There are 2 protein chains.
Amino acid sequence: MTLLMPEELEAALRDIGAKRYHRLHPFHGLLHGGQLTKGQVQAWALNRYYYQAMIPVKDASLIARCEDSDIRREWRSRLVDHDGVEPGDGGIARWLKLTDGLGLDRDYVMSLNGLLPGTRFAVEAYVRFVREKSLLEAIASSLTELFSPVIISERVSGMLAGYDFVTKETLAYFDKRPPQARRDSGFALDYVKRNAQTPGEQQAVLRALEFKCSVLWAMLDALHHAYISPKHIPPGAFVPRD
Amino acid sequence: MTLLMPEELEAALRDIGAKRYHRLHPFHGLLHGGQLTKGQVQAWALNRYYYQAMIPVKDASLIARCEDSDIRREWRSRLVDHDGVEPGDGGIARWLKLTDGLGLDRDYVMSLNGLLPGTRFAVEAYVRFVREKSLLEAIASSLTELFSPVIISERVSGMLAGYDFVTKETLAYFDKRPPQARRDSGFALDYVKRNAQTPGEQQAVLRALEFKCSVLWAMLDALHHAYISPKHIPPGAFVPRD
């Protein structure tokens, strides 16, 4: 292992995104290409809700172990983004507007009763990673946000064009995310470039981003296996009507 | 919720097994029916290795939180079963004889580098469950062993008949397991029947067994999605040669 220059580390991180980010997963091609039934889009939104709902828990876990007031203050903006400043505000509430718009019962979505076990295990693995690994690795695992503005723009345009049951209001969640993701990933990228100062730390940063890519990928694998023909819906999980 | 008689609780547990145990998963039909390639059987053995390897960690976590010497002593036999009394002995070593016999490199198997993320997340969820839930739930989550003697006998006879690359020696792991599983599940079943004394505790026991069934099911979902045609092998995971 050799010590990378900060720009080389950034290039290696971006290369992981180019190869492993879930934009490359076949499920996203189907979702963005208008090739899913309403029930399949519901399954995606319902499962992804758990990820959205756990993001502030993940971020609070990071803040809770951070002894630097500047970083804590910076990271706090993520709590505001997802939990909002009042009931009905924030990313989780906007995700529930998406599941509402898709015709899912809100109590059922929030109960998590229809969740795929594969989704649950992947999301929990992410929360645990942030709680238990080094602060540097926890921050690095957020770096998938470097790649999210592109996938979000593809998703919004593709879903609006492809599904008559999707409206601009339903997708309001995604309007807010690109500038937030750019701000947050800029901070995190700068942090890891400055603080990964040994070859071992740099490798840990790279592995953390690979780990996070595998979380997002495994969530789509679980969805794809359960809901794309031939369907293999596991016992107890959401069964679409169509 | 009503309080069940101990026999009713046992019947409800057995009913969960009849509906959710991974014997019902289509991957097992393919595996036991001789319908897989050697590479697909390798993928199964390689992924299942991680489960085997983490079982004593799970069992030690349970012992570590148990204040009753009788239960700790009883549960200790599981450590002996899996870790053996000397190097080369015990269930993990026998599982590595299986992966050896299938032509997998032992260092590669033990490195976990080829593991499916879905396997990793499911196994970790099980270890975490045993570490963090109540002792009653932790013990209840072991009750899938009630159902394992049947699946093991199907597996051994089916694999010996179906694959010319599988020998009786390769499958030696499974020779030992049925009597161990009967002894262990007998103890655990007796424990939960005696100690789940409120409707809430009984429901927690039932949910714990459902959770464990979902762990085993999700492991096979991940394998099935990755390795059964049309294959969707996630980035970085084991790629069979055939």
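In chain B, Leu112(B) sits in the loop between helix H6 (106–111) and H7, where helices (H or I, at least four residues) are DSSP runs numbered from the N terminus. Although Leu112(B) is not a glycine, its phi is positive, at about 65 degrees. With 14 other C-beta atoms within 10 Å, Leu112(B) is partly exposed, a class that lies between buried (20 or more other C-beta atoms within 10 Å of a residue's own) and exposed (12 or fewer), with the C-beta atoms placed from the backbone. In chain A, Leu112(A) likewise has a positive phi of about 65 degrees, and it lies in the loop between helix H6 (106–111) and helix H7 (117–132).

This is a predicted model, in which local features need pLDDT of at least 70 and side-chain atom pairs count only at pLDDT 80 or more, while totals for chains, interfaces and linings use all residues. Residues are numbered from 1 along each chain as its sequence is written, and chains are lettered from A and ligands numbered from 1 in the order in which they are written.

## How the two chains are related

Chain B can be laid on chain A by a turn of 180 degrees and a shift of 0.0 Å along the axis, with an RMSD of 0.0 Å, when the copies are superposed by least squares on the C-alpha atoms of residues with pLDDT of at least 70 in both. That is the relation of a two-fold axis.

In chain B, 20 residues are in contact with 20 residues of chain A, contact being defined by C-beta atoms, placed from the backbone, that lie within 7 Å. Helix H1 (6–20), helix H7 (117–132) and helix H11 (199–227) of chain B each supply at least two residues of the side that touches chain A. Because 100% of the interface residues of chain B are also interface residues in chain A, the copies meet through the same surface.

## The two faces of helix H1

In H1(A), the residues Leu13(A), Ile16(A) and Arg20(A) are buried. They cover an arc of only 55 degrees around the axis, which puts them on the same side of H1(A); the arc is that of the directions from the helix axis to the C-beta atoms. The face turned away from this buried side carries exposed residues, among them Glu7(A) and Lys19(A).

What covers the buried residues of H1(A) includes helix H11 (199–227) of chain A. Leaving aside neighbours within four places in sequence, Leu209(A) is in contact with residues including Leu13(A) and Ile16(A).

Note on methods: Two residues are in contact if their C-beta atoms, placed from the backbone, lie within 7 Å.
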